[in-house]
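This report covers sheet pairing, salt bridges and a surface patch. The sequence and structure come before the details.

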Amino acid sequence: MICSGRYFQQGLRHLIVRARQQQLCRFVTQGAVSDFHYKIGEYRVSTEMKQAFNKDGYVLVRQILDREEIGRLCSALEADSGIVEHSYEICDGEGGHSRLCIWNHPGHDITGMIARSEKVAGTMEMLLGGEVYHYHSKLMMKEAFTGGSFAWHQDYGYWYQNGCLFPNMATAFIAIDRCDEDNGCMEVVRGSNHLGRVNHGRYGGQTGADLQRVSDIKQILPVDRVVLDPGDVAFFHCNLLHKSNKNRSPRRRWAMLCAYNMASNNPIIEHHCPQYTPLLKVPDSAVRDCSTTDTAGKDFMNPLDDKTVELKS
């Protein structure tokens with residue numbers, strides 16, 4: 001029996017779509033995500049690293065900050081109220097809560113030196129392929145037992161609304177504490193950076209990606225848990241789907257995230273994050289040499305301006 005033209009065309013389209021899905025799945029699941037390691041005097045962003053970033057949507061670089069640098073960062077954050085006093089509590093809609101502090105400009109304290117360092121900002125420029133500027137940084141604090149979850153989302157799901165026309169943006173997730181499954185490490189859908197922007201909406205007090213679309217995507221692409229030790233950094237693309245679960249452990253999970261935008265992608269509207277502002281990079285040694293705790297000029301975000309989360313009442 002010969003199929004009618006309409007049904008034949010529908011069947012052909014279905015086969016083409018499935019073939020493309022399988023091709024994409026093979027492309028992104030071929031081999032595990034490569035770990036890269038930072039060594040003073042030897043570290044370079046290699047062709048292999050750039051290829052892994054473009055293919056998987058993220059790369060891990062181990063020990064970008066060494067034990068002494070992480071110790072200095074922890075001491076600055078824990079002993080000085082300059083940053084933490086600007087934090088605010090957010091709810092996950094499921095009984096959990098976390099604290100968040102966001103600032104627009106890197107400044108001259110140790111957090112600024114990290115965000116401006118060659119090993120962080122310079123790596124980002126090599127991965128994205130051009131000059132970047134500091135879009136914002138945040139301190140994310142999930143305390144023991146109570147730290148809340150973050151829904152599946154793409155950063156570009158938010159930043160698109162800010163007038164950033166191109167997804168030429170990425171984030172460096174810097175582990176201050178160990179991040180693992182027990183205390184709510186980040187999880188990512190490997191290769192989801194190739195899917196384009198997914199629709200976002202309000203789900204359980206947070207702005208997140210369309211749940212049905214995420215469910216469909218996870219049938220095709222693998223989910224990776226991003227396990228990090230203090231000083232490890234995950235560089236990830238703004239279209240990479242990611243989330244994190246509650247912290248159910250007796251250990252806190254603090255992380256510092258530095259977001260960057262390409263200079264060529266200056267937002268077309270003014271909003272709560274900065275327009276293009278030239279980034280003055282510093283040598284990696286500036287992280288150890290930094291002695292100031294002055295947070296002047298960082299321009300901390302007013303929590304009422306953060307429309308993507310629900311504040312704890």
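## Basis

Two strands pair if DSSP finds at least two bridges between them. Helices (H or I, at least four residues) and strands (E, at least two) are DSSP runs, numbered from the N terminus.

This is a predicted model, in which local features need pLDDT of at least 70 and side-chain atom pairs count only at pLDDT 80 or more, while totals for chains, interfaces and linings use all residues. Residues are numbered from 1 along each chain as its sequence is written, and side-chain values use heavy atoms, with hydrogens and water left out.

## Open sheet

An open, antiparallel sheet is formed by 4 strands in the order S6-S13-S8-S11. Its edge strands, S6 (150–153) and S11 (223–226), each pair on one side only. From one strand to the next the twist averages 20°, with axes taken as lines fitted to C-alpha atoms (for helices over the stretch in contact) and angles running from 0 to 180 degrees between N-to-C directions.

S6 and S13 (residues 242–244) run antiparallel and are joined by 2 bridges. His153 stands opposite His242 in S13.

## Salt bridges

The structure holds 19 salt bridges (a side-chain nitrogen of Lys or Arg within 4 Å of a carboxyl oxygen of Asp or Glu). Between Glu68 and Arg288 the closest N and O atoms are 3.0 Å apart. Glu68 lies in helix H3 (residues 67–79) and Arg288 in helix H9, so this pair ties together parts that are 220 residues apart in sequence. Glu68 is partly exposed at 40% relative accessible area, and Arg288 is partly exposed at 33% (buried means under 20% relative accessible area, exposed over 50%, partly exposed in between, with a 1.4 Å probe and protein chains only).

Asp109 forms a salt bridge with Lys298, with closest N and O atoms 2.8 Å apart. Asp109 is in the loop between S4 (97–103) and H5 (110–116), and Lys298 is in the loop between H9 and S15 (310–311), 189 residues apart. Asp109 is buried at 4%, and Lys298 is buried at 1%.

## Nonpolar patch

Leu165, Phe166, Ile268 and Ile269 make a nonpolar surface patch of about 410 Å². Patches are made of residues with over 30% relative accessible area and no salt bridge, joining like charges within 9 Å and nonpolar side chains (Val, Leu, Ile, Met, Phe, Trp, Tyr) within 5 Å; accessible areas come from the Shrake-Rupley method with a 1.4 Å probe, and for residues only the protein chains shown count as cover.

Ile268 is placed in the loop between S14 (253–262) and H9 (285–289). At 57% relative accessibility, Ile268 counts as exposed.
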